[in-house]
Amino acid sequence: SEYAKFDSVNAWIETSLVKQDASLASCLEANATAQLEDIDVAPNEGKFHYLLAKMNKVKRVLEIGTLGGYSAIWFAKAVAPVGGKVITLEFEPEHAKVARSNIANAGFADVVEVRVGKALDTLKKMREDGEEGFDYVFIDADKSNNAGYLKYALEFAHVGTVIVVDNVVRQGKVLEDKDAHSEGQRKAFEFLKGEKRVECTALQTVGPKGWDGFAVAMVVE
Ligand code: SAM
């Protein structure tokens, strides 16, 4: 397939530059054993988030969509050395269970907190409870709620907060399809377009999961 070349180049990028450690590799193995869908970020994207977090001296990360904790472990690696914290939100108790085990196995039980429930409910509760703000927000759950997640991301943000929305291209389906995910991503773009507190761009990517992309926003006021 046309993706075969993407796979080979990605494998080359990963073996030369990314080098997952044992805890990340065993996280993916445990996810497969638990039959979680293989929809974690790719290793090179995980490392990209890790670097972006370090570049911005991020301490507090909010992640929406935990799955087995793979991206959360990358974030933990970035913030643990500076005494930071990752709060990750997951709807499926079974995913959260696998994630907590992977996170503990990676040595980050004290760094990452997995909160179970519908993310919009958890975020509402966090606001009511006066949760501290975040320096980095990664949105990677049910795309149909992305505009809602972005609103909360801004509530918990300060000038300089980085917000990343994953899977905004979806093999180009985002422009054509009427499914809830594509519509959700288009609404997310509409929201970002109308929000003067952020500056944004989006990049298209190719890789083992085909043609996709992510949007990056920075809070500027
Ligand atoms: N960020 C993870 C990684 O890279 O390792 C992958 C997350 S996966 C793409 C999306 C996750 O969002 C799934 O585990 C799914 O159960 C969860 N999810 C779906 N709807 C949700 C909701 N309303 N609230 C919280 N989590 C939700």
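## Around the ligand

The shell around the ligand divides into eight nonpolar, five polar and six charged residues. This picture comes from a predicted model. In total, 19 residues surround the ligand. The closest are D40, G65, Y70, S71 and A119. Two elements give two or more residues to this shell: helix 4 and strand 2, which spans 85–90.

Both elements turn up again below.

## Helix 3 against helix 4

Packed helices have a simple description. It uses the angle between the two axes and the distance between them. Helix 3 covers residues 43–55, and helix 4 covers residues 70–79. Their axes come within 8 Å and cross at roughly 30 degrees. Angles under 35 degrees count as roughly parallel, so helix 3 is roughly parallel to helix 4. The crossing is right-handed.

Which residues of helix 3 meet helix 4? They are G46, K47, H49, Y50, A53 and K54. On the helix 4 side stand Y70, S71, W74, F75, K77, A78 and V79. By class, this contact has seven nonpolar, three polar and three charged residues.

Strands of a sheet pair through backbone hydrogen bonds, in a parallel or an antiparallel sense. Strand 1 (residues 60–64) pairs with strand 2 in the parallel sense, over five bridges. Here E63 stands opposite T88 of strand 2.

In which sense do strand 5 and strand 7 pair, parallel or antiparallel? Strand 5 (residues 162–166) and strand 7 (residues 210–219) pair in the antiparallel sense, over five bridges. D166 has F214 of strand 7 as its bridge partner.

Strand 7 also pairs with strand 6. That pairing is antiparallel and runs over ten bridges. E199 stands opposite M218 of strand 7. A hairpin joins strand 6 to strand 7 through two residues.

## Helix 7 against helix 9

Helix 7 takes in residues 146–155, and helix 9 takes in residues 180–193. Their axes come within 7 Å and cross at roughly 35 degrees.

Helix 7 brings N146, A147 and L150 to the contact. Helix 9 brings G184, Q185, K187, A188, F191 and L192. The residues of this contact divide into five nonpolar, three polar and one charged.

Key
Residues numbered from 1 in each chain as written. Predicted model: local features only at pLDDT ≥ 70, side-chain atom pairs only at ≥ 80, totals over all residues. Axes fitted to C-alpha atoms, helices over the stretch in contact; angles between N-to-C directions. Helix = DSSP H or I, 4+ residues; strand = E, 2+ residues; numbered from the N terminus. Parallel < 35°, antiparallel > 145°, perpendicular 65-115°, else oblique. Left-handed = near helix turned anticlockwise from the far one by under 90°. Contact = placed C-beta atoms within 7 Å. Nonpolar A, V, L, I, M, F, W, Y, C, P; charged D, E, K, R; others polar. Near = placed C-beta within 6 Å. Pairing = 2+ DSSP bridges.
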